[in-house]
Amino acid sequence: MSLANGRHSLAIPGPSVMPDRVLRAMHRPAPNIYTGPLVEMTHTIVADLKRVARTEQNVAMYIANGHGAWEAALVNVLSRGDKVLVLATGRFCVGWGEMAAKMGVEVETLDFGKRSDIDLAQVEEALRADKGHAYKAVLAVQVDTSTSVLNDIKGLRGVMNAAGHPGLLMVDCIACLGCDRFEMDEWGVDVMVAGCQKGLMTPPGMAFVYFSEKADAARETADLVTHYWDWRPRVNPEEFYKYFDGTAPTHHLYGLREALDMIFEEGLEAVWARHTTLAQALWAAFETWGASGPVELNIADPAKRSHAVTAVRVTAPLGTELRTWLTEHAGVTLGIGLGMASDADPGGDGFFRVGHMGHVNAQMMMGVLGTIQAGLAALDIPYSAEGLSAAAAVISKA
Ligand SMILES: *Cc1c(COP(=O)(O)O)cnc(C)c1O
């Protein structure tokens, strides 16, 4: 028998749950793109995108997914033959580096594995060793969505300063903008990339590249920049169509406006706090279940875990079996184990991820957790009881 035929719950790390308010805001006829409300509204979106990232600097918008933002960020500051330092803590920063390499950029990688954050001491050593300042930029992800590690971006700026290194600090916040605290100006980030479909609760299709004055100075000499990806015409354009170098993503703009309204109605600090508590509830359940049996959080240190996504180890093939059971029998879809394949587990079947970014509340979290426990029981995967009680205790005390 299947018990899946109610409202399906999608708990993958992007696209995230789309609020009904956002969907309703998008359900409208095509607007005029030359003058009128859409034009005025878009200016307010730019201002609020800066508020979400805690910056008074620049943001360029693109019709693209996260990969588009990656490319836009790279081409605006780099030239063929430039060198960058990639700080790998999972699949995503590796992917950003591979994209740079395809453009003719020389990529050096410090790999911290799949269960750790960036080791700042090691980064400082590498930067001090770069006496000629060959690294034009340091590339990092704040939250690597494959491992669910949260990197210390403020600390990364700290070691770049300590080493006296002039490279640009470039950060991927695609998974966690609007979920985990991020302070672009205070932390000294030069370039930040984000998408609309995770913490910003809007259907995939818009991407954002934030940049500092220092990064814009690098744009002056970057020989990789092309007409479409150039960030300059997209910032404070005199003509509306230059925001997107062509037709605007009209309906996404209405959706995004609504999503930003929801964030600021709640308050950005309150949104971060909600994500923190819900993540702690989730961790409490997994830690309790895992006291006996194979269930284990991928990142051991709570201070280094994202509040937007959680990667779980459960040994192959139980991760895939559990995901399949949950979708087919219980109406919940979890994220696959991404970038976790190994010789012993070529399919990455020993992992799954829970997305808890954006439009999530206590009821949704308890629902996902309760259903996971049913799946563990159904598949005879050993676990310690009281995981749900541990999660409920975190929520009850919030
Ligand atoms: C989702 C994600 C990406 C890729 O975004 P797409 O929209 O799928 O191109 C890149 N980096 C991180 C950290 C992500 O979470």
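Okay, let's start with the two domains: the C-alpha centres of domain 1 and domain 2 lie 28 Å apart. Where they touch, 30 residues come from domain 1 and 28 residues from domain 2, with contact meaning heavy atoms within 4.5 Å. Domain 1 runs over 20-264 and domain 2 over 267-396, and those bounds come from an automatic or database domain assignment.

Quick housekeeping. This is a predicted model, so local features need pLDDT of at least 70 and side-chain atom pairs count only at pLDDT 80 or more, while totals for chains, interfaces and linings use all residues. Residues are numbered from 1 along each chain as its sequence is written, and side-chain values use heavy atoms, with hydrogens and water left out.

Now the whole chain. The radius of gyration is 21 Å, which agrees with the value near 21 Å for a compact globule of 398 residues; that's taken over C-alpha atoms, and the globule rule is 2.2 Å times the number of residues to the power 0.38. Along the principal axes, the C-alpha trace spans about 60 × 55 × 35 Å. Accessible surface comes to about 15,700 Å², and 54% of that belongs to carbon and sulfur atoms (Shrake-Rupley method, 1.4 Å probe; for residues, only the protein chains shown count as cover).

How much of the chain is buried? Buried residues make up 56% of the 398, where buried is under 20% relative accessible area, exposed is over 50%, and partly exposed is in between, with a 1.4 Å probe and protein chains only. And if you take contacts between residues at least 6 apart in sequence, 74% of them join residues at least 24 apart.

On to secondary structure: 13 helices and 14 strands. Those are DSSP runs numbered from the N terminus, H or I of at least four residues for helices and E of at least two for strands.

Let me zoom in on β3, residues 83-88. Five of its six residues are buried, so the strand is largely enclosed by the rest of the structure. Strand β4, residues 106-111, pairs with β3 in the parallel sense over six bridges; two strands pair if DSSP finds at least two bridges between them. In that pairing, V84 has V107 of β4 as its bridge partner. To get from β3 to β4 the chain goes through helix α4, residues 91-102, and this β-α-β crossover is right-handed. That means that, with the strands pointing away from the viewer, the path from the first strand over the helix to the second runs clockwise. β3 also pairs with β5, residues 135-141, again parallel, over four bridges.

Next up, β9, residues 191-195. Five of the five residues are buried, so β9 too is largely enclosed by the rest of the structure. Which way do they point? V191, V193 and G195 go one way, and M192 and A194 go the other. β8, residues 168-172, pairs with β9 in the parallel sense over three bridges, with M170 bridging to V191. β10, residues 206-211, pairs with β9 in the antiparallel sense over five bridges, and M192 stands opposite Y210 there.

Last stop, W272. It sits in helix α10, residues 268-289, and W272 is buried, at 5% relative accessible area. What is W272 in contact with, leaving aside neighbours within four places in sequence? R54, G178, C179, D180, R181, F182 and E183.
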